[in-house]
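Me: I would like to go through this model with you. Could you begin with the terms and then take my questions in turn?
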Amino acid sequence: MTSPPSVTGADVVVVGGGLIGSATAWRLRQAGLDVVVVTGERAAAASHVAAGMLAPVTETTFTEQSLLRLNQASLDLYADFAAEVSAASDRPAGLRQVSTLSVALDADDGAKLGVFAEFLTRTGHHTQRLTSRECKQHEPLLAPSIRSGLLVEQDWSCDNRLLWAALIEAGRRAGVREVAGFVHGVRSRADQVTGVELADGTTLPADHVVLANGSWAGQLTGIPALPVRPVKGQILRLDPGRLPGPSLTVRAFSRGSEIYLVPRESGREVVVGATVEELGFDHRVTAGGVYELLRDARQVLPMTAEYALSETSVGWRPGTPDNAPLLGGGGLTGLTLATGHYRNGVLLTPVTADVTARFVTTGELDEVARPFTLDRFAAAGQAVR
Ligand SMILES: Cc1cc2nc3c(=O)[nH]c(=O)nc-3n(C[C@H](O)[C@H](O)[C@H](O)COP(=O)(O)OP(=O)(O)OC[C@H]3O[C@@H](n4cnc5c(N)ncnc54)[C@H](O)[C@@H]3O)c2cc1C
């Protein structure tokens, strides 16, 4: 993939080559900068395991208005972004502009969906309450016990593995250079970034460093401490084989936890997720985790019990104290943050890449990103080092 000995300094070093790093590097290169991505380990990336829901609406909560705005801004970019990535790479970008159906398994869930629908209407989002029968018309594979539902037309999905492969290829064709390895720390002189030091001791000089290494962002030396933690998620991939698969993304609450089923366009994969575990970098797929996901999936879509279990995996969502991203300056001149995307990193890829590239090239942070700077935690007493 790469040739570290010949890689010299650059205008910008991007730390981490997941979806966020790959998209940002590509945009920076399009802006005319010489860009090196230090990729880390691709198989460990959240971008590899994620379900790929693009769900600004069904992922939102009542208190996260500025995050809802950022999520929506990214979704608004998605169709053009996916088309551009696909054209630049000659690969499919995996976007599926098909609605999401949130279903209620009991009367309490139904009441919660009703309150949520009212909130969404007040914030200008179009949703449709559905009866049990209407839910089944939209998704015939649903369990007969489903009580009611909420159809959210603007919540789509994207096969994150296809998108990521296309982004890497688009970046390579545009001239983004790659180093397979890890950054140990950021170097600076008088609070101005001068480059990075790799884990093998070599240095890469650069005036700008973009931190896009997801859950590992807090581990680098030479930078202010970042409040980023890994939030473990176990997730499954099922293969329907010759059986019919769901046509929509279906979400539900079961026994207090959330379950979702995300079908791919090919019909060969249904992603079932995901556990949410505050266990640090625990890499174990557990019997209990798999059992609960399969049990809950079956309760919503009984036919899933007949599908082949084709993959079990673990990833780490980059969480922050408010589980919203860290964007903009990182406390040193030339250090830019693009991390902390928690459950929404696939969705937030287009807007993060645009905002970050503009910040590096102009020093201006787009208004939609301003609520997500590092200093919000310093102000709240969760100070950086
Ligand atoms: C189970 C699960 C399901 C999810 N589902 C969804 C979903 O449906 N929709 C959605 O929008 N989001 C979802 N997410 C969240 C999404 O996957 C993440 O927010 C997003 O992938 C983060 O991308 P990233 O590029 O910042 O980080 P990552 O994809 O984690 O990539 C970071 C990369 O940096 C590398 N790295 C680490 N340290 C260094 C270093 N020192 N030097 C160089 N490289 C380094 C790592 O090896 C890794 O390859 C899900 C996450 C999980 C875990």
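Reply: Helices (H or I, at least four residues) and strands (E, at least two) are DSSP runs, numbered from the N terminus. This is a predicted model, in which local features need pLDDT of at least 70 and side-chain atom pairs count only at pLDDT 80 or more, while totals for chains, interfaces and linings use all residues. Residues are numbered from 1 along each chain as its sequence is written, and side-chain values use heavy atoms, with hydrogens and water left out.

Me: Where is Ala274 found?
Reply: Ala274 is in the loop between strand 16 (270–273) and helix 7 (287–300). A cis peptide bond joins Gly273 to Ala274, with omega at about -25°.

Me: Which residue has a positive phi of about 55°?
Reply: That is Asp90, which is not a glycine. Asp90 sits in the loop between helix 3 and strand 4 (95–96).

Me: Is Asp90 buried or exposed?
Reply: Asp90 is exposed, its relative accessible area being 60%. Buried means under 20% relative accessible area, exposed over 50%, and partly exposed in between (1.4 Å probe, protein chains only).

Me: And what is phi of Tyr342?
Reply: Phi of Tyr342 is positive, near 45°, and this residue is not a glycine either. Tyr342 belongs to the loop between strand 19 (335–339) and helix 8, and Tyr342 is buried, with a relative accessible area of 15%. As background, most residues other than glycine have a negative phi, and most peptide bonds are trans.

Me: Changing topic: at what angle do helix 1 and helix 8 pack?
Reply: Helix 1 (residues 19–30) and helix 8 (residues 349–362) pack at about 45°, and their axes are 8 Å apart. Axes are lines fitted to C-alpha atoms, for helices over the stretch in contact, and angles run from 0 to 180 degrees between N-to-C directions. The two helices are therefore oblique to each other; angles under 35 degrees count as roughly parallel, over 145 as roughly antiparallel, 65 to 115 as roughly perpendicular and the rest as oblique.

Me: Which residues of helix 1 and helix 8 make the contact?
Reply: Helix 1 contributes Leu19, Ile20, Ala23, Thr24, Arg27 and Leu28, and helix 8 contributes Thr349, Thr352, Ala353, Asp354, Thr356, Ala357 and Val360. Contact means heavy atoms within 4.5 Å.

Me: Which residues of helix 4 are buried?
Reply: In helix 4 (residues 107–122), the buried residues are Asp109, Gly110, Leu113, Gly114, Phe116, Ala117, Phe119 and Leu120. Their cover includes helix 3 (65–89), strand 5 (100–104), strand 6 (127–131), strand 7 (148–152) and strand 14 (249–254).

How values were computed. Expected span 1.5 Å × (residues − 1).
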